[in-house]
Amino acid sequence: MKRTDPDVERELVALARAFAENEIRPVAPHHDATEAFPAEVIRKAAAVGLTSFDLPEAYGGGGIDSVRTACLIGEELSWGDAPIGSLIGSGSFFAHPLAQLGTEEQRRRWIPPLCTDDPPMTALAITEPGAGSDAAAITTTATKVDGGYVLNGQKTWASGAPIARYYLVYATVAPGTRAKGITSFVVESDDDGFTRGEKLPKLGSRCYPTGELFFADCFVPDDRRIGEEGQGFYGVMRAFDSSRVTLAANSIGIGRAALEYAIDYATQREAFGKKIHEFQAVSFRLVDAKMALDQARLMTLHAADLADAGEPFSTEASMAKLAASEAAWRAADAAVMTLGSYGYSREYPVEKWLRDAKLEQIYEGTSDIQRLIIARSMFPHER
């Protein structure tokens, strides 16, 4: 069982909570309105270890490998602001597949920079214009040549794409074989044949830049291939299992923030001579949101505990992400309804939580895909 010492875990969660309140929340509205990248906040988070607490100690990280602990920290950071919290943890999405499949030389080359006080931005490049939920349909090719591979293709909706220094790119070495040929490679921002597209405009998560990537005869040497040929799909699916659990925790952070604000507002706002929380239409809506969030948190921690125990948890990860993302949307929607017209105004924070919550239902597998995964586990003999 991968369990963090309880005292250490409490200290880390308290650190994340204080950082969210003092460093993230005061600047989050500015970064949402301007879409400016929160570089200074990321550096402050790195200085106190929040960007690398879950990276291997051997390479300069905090050495915390408990998914449960990562969930508790992630919830606090997303309570502060979901896109900034995701940016703080973004290095892990690059480093974990590298740590699992990479060589010792590769790990020592790319993980230590992520553990410094000024970590480089990283990005995963999986999604393509014709390959979103169906990740096995990737058509970006990696053709073997003397000394390495030549990449050709296009990626889209890559978080961090416009500003990253290192990219973990998934391409196929055997077109037409779907998952069997998918292999991962590290591409660096100054590689020949590699270009970045413009930042994509988004409904929410505005300060976390997302964009397209283009590969035109982009050569990467053999030592940039991560794992063996054909291991990429296995690696990314394994990474998705863990990340879906931590993303569920992020969703809960959004929902908790929205619910707390709505409760405070309902306690102060008066209508028809009494506080609006005294109307069942208001209080019951918030009760339902709280129940959904608390249920989702229990499901998330259950999936995390299974992961930490080394037990199968793919289905539970999908259940946690589905439940948490839906609960976050429900809580944010309840907050907007509780504030009425003020909830629709950008002068109040609840409309932002609603916009950010919508992304939680889409990325790393939409709610429909999570239902499909769960359904397949329920009827295994029909496959």
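Q: In this predicted model, which hand does the crossing of α8 and α11 have?
A: The crossing of helices α8 and α11 is left-handed.

Q: What describes two packed helices?
A: Two packed helices are described by the angle between their axes and by the distance between those axes. Here, the axes of α8 (residues 232-268) and α11 (residues 350-360) come within 10 Å and cross at roughly 160 degrees. Angles over 145 degrees count as roughly antiparallel, and that makes α8 roughly antiparallel to α11.

Q: Which residues make the contact?
A: From α8 the contact takes Leu 247, Asn 250, Ser 251, Ile 254, Ala 257, Ala 258 and Tyr 261. From α11 it takes Val 350, Trp 353, Asp 356, Ala 357 and Glu 360.

Q: How many residues of each class are in the contact of α8 with α11?
A: Eight residues in this contact are nonpolar, two are polar and two are charged.

Q: What describes a pair of aromatic rings?
A: Such a pair is described by the distance of the ring centres and the angle of the ring planes. Seven aromatic pairs are found in the structure. In one of them, Phe 94 and Tyr 166 have ring centres 6.2 Å apart and planes at 25 degrees. Planes under 30 degrees apart count as stacked, so the pair of Phe 94 and Tyr 166 is stacked.

Q: Where do Phe 94 and Tyr 166 lie?
A: Phe 94 belongs to helix α6 (residues 90-101) and Tyr 166 to strand β4 (residues 166-172), so the pair ties together parts 72 residues apart in sequence.

Q: Are Phe 94 and Tyr 166 buried or exposed?
A: Both Phe 94 and Tyr 166 are buried.

Q: What are the distance of the centres and the angle of the planes for Phe 272 and Phe 279?
A: Their ring centres are 6.3 Å apart and their planes stand at 80 degrees, so this pair is edge-to-face. Phe 272, at 81% relative accessibility, counts as exposed. Phe 279, at 25% relative accessibility, counts as partly exposed.

Q: Which residues form one aromatic cluster?
A: One aromatic cluster is formed by Tyr 167, Phe 194 and Phe 215.

Q: Is Arg 68 buried or exposed?
A: Buried means under 20% relative accessible area. Arg 68 has a relative accessible area of 19%, so Arg 68 is buried. This residue is found in helix α4 (residues 67-80).

Q: Which residues is Arg 68 in contact with, leaving aside neighbours within four places in sequence?
A: With those neighbours set aside, Arg 68 is in contact with Arg 3, Leu 301, Ala 304, Asp 305 and Asp 308.

Definitions and conventions: Residues numbered from 1 in each chain as written. Predicted model: local features only at pLDDT ≥ 70, side-chain atom pairs only at ≥ 80, totals over all residues. Heavy atoms only, no water. Axes fitted to C-alpha atoms, helices over the stretch in contact; angles between N-to-C directions. Helix = DSSP H or I, 4+ residues; strand = E, 2+ residues; numbered from the N terminus. Parallel < 35°, antiparallel > 145°, perpendicular 65-115°, else oblique. Left-handed = near helix turned anticlockwise from the far one by under 90°. Contact = heavy atoms within 4.5 Å. Nonpolar A, V, L, I, M, F, W, Y, C, P; charged D, E, K, R; others polar. Phe/Tyr/Trp six-rings, centres within 6.5 Å; stacked < 30°, edge-to-face > 60°. Buried < 20%, exposed > 50% of the residue type's maximum accessible area, 1.4 Å probe, protein only.
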